[in-house]
Amino acid sequence: MKSELIINTNNKKIAFALLEEKKLVSLREEERDDKFAVGNIFFARVKRILPSLNAAFLDIGYEKDAFLHYKNLGFKFKNFKRYLRLSIANHKLPDIEELKLESDIKNESKISNEIYSGEYILVQISKKAISSKSIRLSADISLRGHHIILFPFSNKIYVSKKIENKIERERLKNIISEIKPNNYGVIVRTVAEDIAKIEIEKELKELVSSWENIFEKTKKIIPPKLIIGEEKQATSILRDLLNKSVEKIYVDNEKVFTEIKNYIKKIGRDENIINYYKGKYNIFEFFDVEKQIRVLFGKKIYIKNGSYLIIEKTEAMHVIDVNSGNRSKKNIDQETNNFNINYIAVDEIARQLKLRDIGGIIVIDFIDMKNIEKRILIYNRMKEKMANDKTIHHILPLTKFGLMQITRQRIRPEISINVSEKCPICDGTGEIVPEILASEDFKENFKKLSALKKKKFF
């Protein structure tokens, strides 16, 4: 499927819109040069231990102390602590390949057995601050590249399960086995499929160098301090969104254009896929992204032939209601008609979860279906449409009342765009539907009238 990336920049933020066949499927918006981005590594100070939660609060320089749970220390935590201590104490950086690895920490134990108040440790941001919850940390540090992920103090090699070709999986595993230094583990990402050995080896060396640079810096700084940030925000986001289906990238900022072009060359992709947009209109308007955002981020989302979704957020969860509207066909029984609407709705629901980056508990109220087999078909369809969602999620089958529950991991705040507009008559004491949605309502009402008059206008 042909994909395009449209990148819109301003002084404070950068937004990525991923289009598939001109249809918006993903929207990422981040602050430029965000110091507290997911993946950033900090030299932190333990502020206090919370025995009741088996966790600790750490000072990383953020306005609120960040949260570290015992389970996020990682099994190799003793090795991280030991290597950090040796790095600070010795003039020369210890050779990780020569180290005898410590035993793993226990799966069930107390955090007070591993760290204490006032101690300095290395941590990595795993989740951004969401609502009243502070930043979540992990002490199980890894370094992400475009093709591979490096995690020290292990010798394991994993190949993405999404690479289904057994011969290719074996080739990649053999490559890593040949080039990997001792005491470094590696995860091979999906995008590494069919990539030459020389490209993977080059990236591995860069990641090992970055790892050594982290500990060189700890000799010269006092916590709390950012040790190493993700690559510049543009290339950091691009690394997650760029896959083989992306044929064109358009960016409206010369500095970001140069940055991305260099990154494209670095990972061995054809640099001609990147284009510098110099048009007089906003890039999102020119590529019809702005219109799609306004249509897709409202409370009411039209699907097809009058059916629609209602998406609402409560304190505890998100609720999505599937409605038939005026969609009904003659010569089709009610059960089949309900199934058809639900089946169409699944595609848009899966798209909306990814587009808005909705996390936590999601409850979907499908139109009732008595037939168990049809409910199973809807469940399987949802699993199929969510299969390419990289965010960890779990889907439960429909209940007999037509309810489906999905849990989706929260990593960053949900994308929320207010598409309502101030009423020109009441000056904001009430709200009206924005023009772009009003046109959709008008079209749907016109279809109803044309059906009554047995005339087709659209």
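Reader: Which residue in S10 is the bridge partner of Arg144?

Author: This is a predicted model, where local features need pLDDT of at least 70, side-chain atom pairs count only at pLDDT 80 or more, and totals for chains, interfaces and linings use all residues. Residues are numbered from 1 along each chain as its sequence is written, and side-chain values use heavy atoms, without hydrogens and water. S9 and S10 (residues 148-152) pair antiparallel over 2 bridges; pairing takes at least two DSSP bridges. Arg144's bridge partner in S10 is Ile149.

Reader: Which strands stand at the edges of the sheet?

Author: The open, mixed sheet has 4 strands, in the order S9-S10-S12-S11. Strands are DSSP E runs of at least two residues, and helices are H or I runs of at least four, numbered from the N terminus. Two strands have a single partner each, so one side of each lacks a neighbour in the sheet: S9 (143-144) and S11 (157-159).

Reader: At about what angle does H3 run to S10?

Author: H3 (residues 197-218) lies across S9, S10 and S12. Axes are lines fitted to C-alpha atoms, for helices over the stretch in contact (heavy atoms within 4.5 Å). Angles run from 0 to 180 degrees between N-to-C directions. For H3 and S10 the angle is about 40°.
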